Amino acid sequence: ARYLDPIMAGPSTEVLGAQLVVSASGPISPGVVIVEGGLIKAVGPLDTRTDSPEFDVLAPGFCDLQVNGIGPVDVAVADQGDWTEIGDALIAQGVTTWCPTLVSAPDQEVRSACARAARAMSEAQPGQPLIAGVHLEGPFLTVAGAHRKEYLVDRIGPEWVEHLDPVIRM
């Protein structure tokens with residue numbers, strides 16, 4: 001808790017005060033978040049005798065592990081500007097990390113979607129949420145649901161896993 005006192009903060013440090021800070025140990029009201037070099041360094045109570053909170057609420061960003069798409073954009077066919085459109089919509093909802101999610105499809109379509117997702121990850125723009133990696137919903141499902149049955153499999157072997165695209169995380 002090196003910077004719990006805003007007076008100790010250096011010139012590259014941001015001190016963000018809020019009426020309510022949601023922290024790992026519970027709510028702090030009012031609270032302060034100390035950010036140094038883009039990383040949270042400390043969270044603690046705000047001294048309202050010397051500071052007034054500038055925000056109503058500060059909370060960690062959400063991590064959305066299953067995003068098939070947003071609006072007209074489907075991640076299975078997303079390319080270039082589509083990733084920014086999805087990112088803008090997600091960040092507006094408080095999502096700071098996400099996984100593009102693919103339904104069961106022919107192998108070449110999955111590989112192509114993974115390549116586009118990898119490119120989007122490597123070309124990430126400031127202010128966009130982090131793409132943590134691709135989430136495959138199948139093809140190893142017991143119930144098809146929204147997936148086309150012809151792309152589902154009963155079993156997968158080690159060779160299938162060994163040949164997964166490295167961008168796949170889940």
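Reader: Hi! Which side chains meet in a salt bridge at 2.5 Å, N to O?

Author: Those of arginine 148 and glutamate 150. Keep in mind that this is a predicted model.

Reader: How many salt bridges turn up in the whole structure?

Author: A search of the whole structure gives 3. Another of them joins the side chains of arginine 119 and aspartate 79, at 3.0 Å from N to O.

Reader: Where do arginine 119 and aspartate 79 lie?

Author: Arginine 119 is in helix H2, while aspartate 79 is in the loop between E8 and H1, so the pair ties together parts 40 residues apart in sequence. Arginine 119 counts as partly exposed at 34% relative accessibility, and aspartate 79 counts as partly exposed at 31%.

Reader: And what does aspartate 107 pair with?

Author: Its side chain forms a salt bridge with that of arginine 111, at 2.7 Å from N to O. Both residues sit in helix H2, 4 residues apart, which is about one turn of the helix. Aspartate 107 is partly exposed at 47% relative accessible area, and arginine 111 is partly exposed at 35%.

Reader: Let's change topic. How many aromatic pairs are there in the whole structure?

Author: The search finds 2. Tryptophan 83 and tryptophan 98 make a tilted pair, with 6.0 Å centre to centre and 40 degrees between the planes. This pair links distant parts of the chain: tryptophan 83 belongs to helix H1 (residues 81-92) and tryptophan 98 to strand E9 (residues 95-102), 15 residues apart.

Reader: What about phenylalanine 140 and tryptophan 160, how are their rings arranged?

Author: They form an edge-to-face pair, 5.6 Å centre to centre with 85 degrees between the planes. Phenylalanine 140 is in the loop between E11 and helix H3 (158-162), and tryptophan 160 is in helix H3, 20 residues apart. Phenylalanine 140 is partly exposed, with 38% relative accessible area, and tryptophan 160 is also partly exposed, at 27%.

Reader: Nice. Which residues touch the most other members of the largest nonpolar core?

Author: Trp83, Ile86, Trp98, Leu102, Cys114 and Val134 do, out of 20 residues in that core. H1, E9 and helix H2 (107-122) each supply at least two residues of this core. H2 gives the largest share, 5 residues.

Reader: What does isoleucine 86 touch?

Author: Not counting residues up to four places away in sequence, isoleucine 86 touches Val67, Ile70, Val73, Val75 and Trp98. There is also a second, separate core of 7 residues, including Ala18, Ile28, Val35 and Leu58.

Reader: I clicked on histidine 135. Where does it lie?

Author: Histidine 135 lies in strand E11 (residues 135-136).

Reader: Why does histidine 135 count as buried?

Author: Histidine 135 is buried because its relative accessible area is 10%, and buried means under 20%.

Reader: What does its side chain reach, for histidine 135?

Author: The side chain of histidine 135 reaches the backbone oxygen of leucine 65 at 2.9 Å. It also makes a polar contact with the side chain of threonine 101, at 3.3 Å. Leaving aside neighbours within four places in sequence, the contacts of histidine 135 include Cys99, Pro100 and Met170.

Reader: Last one: which peptide bond is cis with omega near -15 degrees?

Author: The bond from serine 29 to proline 30. Proline 30 is in the loop between strand E2 (26-28) and E3. The bond from glycine 138 to proline 139 is cis as well, with omega near 20 degrees, and proline 139 is in the loop between E11 and H3.

Methods: Residues are numbered from 1 along each chain as its sequence is written. This is a predicted model: local features need pLDDT of at least 70, side-chain atom pairs count only at pLDDT 80 or more; totals for chains, interfaces and linings use all residues. Side-chain values use heavy atoms; hydrogens and water are left out. Buried means under 20% relative accessible area, exposed over 50%, partly exposed in between (1.4 Å probe, protein chains only). A polar contact is a pair of N or O atoms within 3.5 Å; within protein, one must be able to donate a hydrogen and the other to accept it, and residues adjacent in sequence count only if both atoms are side-chain atoms. Contact means heavy atoms within 4.5 Å. Rings of Phe, Tyr and Trp (its six-membered ring) pair if their centres lie within 6.5 Å; planes under 30 degrees apart count as stacked, over 60 as edge-to-face and the rest as tilted. A nonpolar core is a set of buried Ala, Val, Leu, Ile, Met, Phe, Trp, Tyr and Cys residues joined through side-chain atoms within 4.5 Å. A salt bridge is a side-chain nitrogen of Lys or Arg within 4 Å of a carboxyl oxygen of Asp or Glu.
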